[in-house]
Amino acid sequence: IRDPLTSLFNRRYFEDEVNRRIAQAQTTHAQYSVLMIDADHFKRVNDTYGHKTGDKVLIEATGQHFELVNGGEEFVVFLPELSAEEAKVVADRLRETISKIVVYSDQGEQVTFTVSIGISSSAISDNIDMLIKTSDEALYRAKENGRNRCEIFTVDDLKNFNAAIEYKDDSAN
């Protein structure tokens with residue numbers, strides 16, 4: 001259930017655990033958010049310094065005491081009891097912390113890196129696949145808008161979002 005490099009939970013375990021937590025949150029009407037985190041220009045790190053240094057970057061970036069799931073250089077975080085706006089505060093703090101990390105290549109060169117983060121929340125969906133897709137869409141927007149930033153996927157964004165999964169319908173409430 002864990003990735004051998006980063007020791008993070010794999011996607012299947014993550015989705016099972018998050019589905020359990022979402023079900024709990026629904027009984028108490030608690031909010032929650034999902035972060036999709038991606039290392040900026042990660043291919044450049046691998047190409048310039050080698051995969052061993054790239055692995056060091058991933059290990060350092062994931063050592064931030066969050067429940068993450070590994071997906072290559074993309075990671076997903078579930079934040080219980082936080083709205084999208086509250087999650088953005090956490091995401092910005094995480095992004096800033098990661099930007100201060102320095103790893104060293106085998107040649108002793110300092111390597112710094114940044115991440116971009118997309119955020120989705122229970123305001124969007126109670127389906128983990130939809131939350132991952134919409135946080136990934138917000139991540140894509142963060143990359144388009146200059147990287148090393150956080151973006152929130154909002155209810156208004158659903159109007160232009162084409163996904164195979166249905167979003168949360170609050171009209172019945």
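This report describes the fold, a helix pair, the salt bridges and selected residues of the structure.

## Basis of the model

The model is predicted, so local features need pLDDT of at least 70 and side-chain atom pairs count only at pLDDT 80 or more, while totals for chains, interfaces and linings use all residues. Residues are numbered from 1 along each chain as its sequence is written, and side-chain values use heavy atoms, with hydrogens and water left out.

## Overall fold

The protein contains 5 helices and 7 strands. Helices (H or I, at least four residues) and strands (E, at least two) are DSSP runs, numbered from the N terminus. Along the sequence, these elements follow the pattern α-β-α-α-β-β-α-β-β-β-α-β.

Of the 173 residues in the protein, 45% are buried. Buried means under 20% relative accessible area, exposed means over 50%, and partly exposed lies in between (1.4 Å probe, protein chains only). A contact is defined as heavy atoms within 4.5 Å. Among the contacts with a separation of 6 or more, 72% are between residues 24 or more positions apart.

## Helices α1 and α5

Two packed helices are described by the angle between their axes and the distance between the axes. The axes of helix α1 (residues 11-28) and helix α5 (residues 128-144) come within 10 Å and cross at roughly 110°. Axes are lines fitted to C-alpha atoms, for helices over the stretch in contact, and angles run from 0 to 180 degrees between N-to-C directions. Helices α1 and α5 are therefore roughly perpendicular to each other. In this scheme, angles under 35 degrees count as roughly parallel, over 145 as roughly antiparallel, 65 to 115 as roughly perpendicular and the rest as oblique.

On the α1 side, the contact is made by R11, F14, E15, V18, N19 and I22, and on the α5 side by I128, D129, L131 and I132. By class, this contact of α1 with α5 has 6 nonpolar, 1 polar and 3 charged residues. Ala, Val, Leu, Ile, Met, Phe, Trp, Tyr, Cys and Pro count as nonpolar, Asp, Glu, Lys and Arg as charged, and the others, Gly among them, as polar.

## Salt bridges

Side chains of opposite charge can pair when their charged atoms come close. A salt bridge is a side-chain nitrogen of Lys or Arg within 4 Å of a carboxyl oxygen of Asp or Glu. The structure holds 14 salt bridges. One of them links R21 with E17, with the closest N and O atoms 3.0 Å apart. R21 and E17 are 4 residues apart in helix α1, and so are separated by about one helical turn. E17 is buried, at 14% relative accessibility.

Another salt bridge joins the side chains of D157 and R141 (3.2 Å, N to O). Because D157 lies in the segment after β7 and R141 in helix α5, the pair ties together parts that are 16 residues apart in sequence. R141 is partly exposed, with a relative accessibility of 21%. The side chains of R149 and E151 also meet in a salt bridge (2.8 Å, N to O), and R149 is partly exposed at 32% relative accessible area.

## The surroundings of E151

E151 is located in strand β7 (residues 150-152). This residue is buried, with a relative accessible area of 13%. Leaving aside neighbours within four places in sequence, E151 is in contact with I117, G118, I119, A138, R141, A142 and N145.

T62 is found in helix α3 (residues 51-62) and is buried, with a relative accessible area of 8%. T62 and F75 are 13 residues apart in sequence and 8.3 Å apart in space, C-alpha to C-alpha.

Most residues other than glycine have a negative phi, and most peptide bonds are trans. H29, although not a glycine, has a positive phi of about 60°. H29 is placed in the loop between α1 and β1 (32-39) and is exposed, with a relative accessible area of 71%. R147 is not a glycine either, and has a positive phi of about 65°. R147 lies in the loop between α5 and β7 and is partly exposed at 30% relative accessibility.
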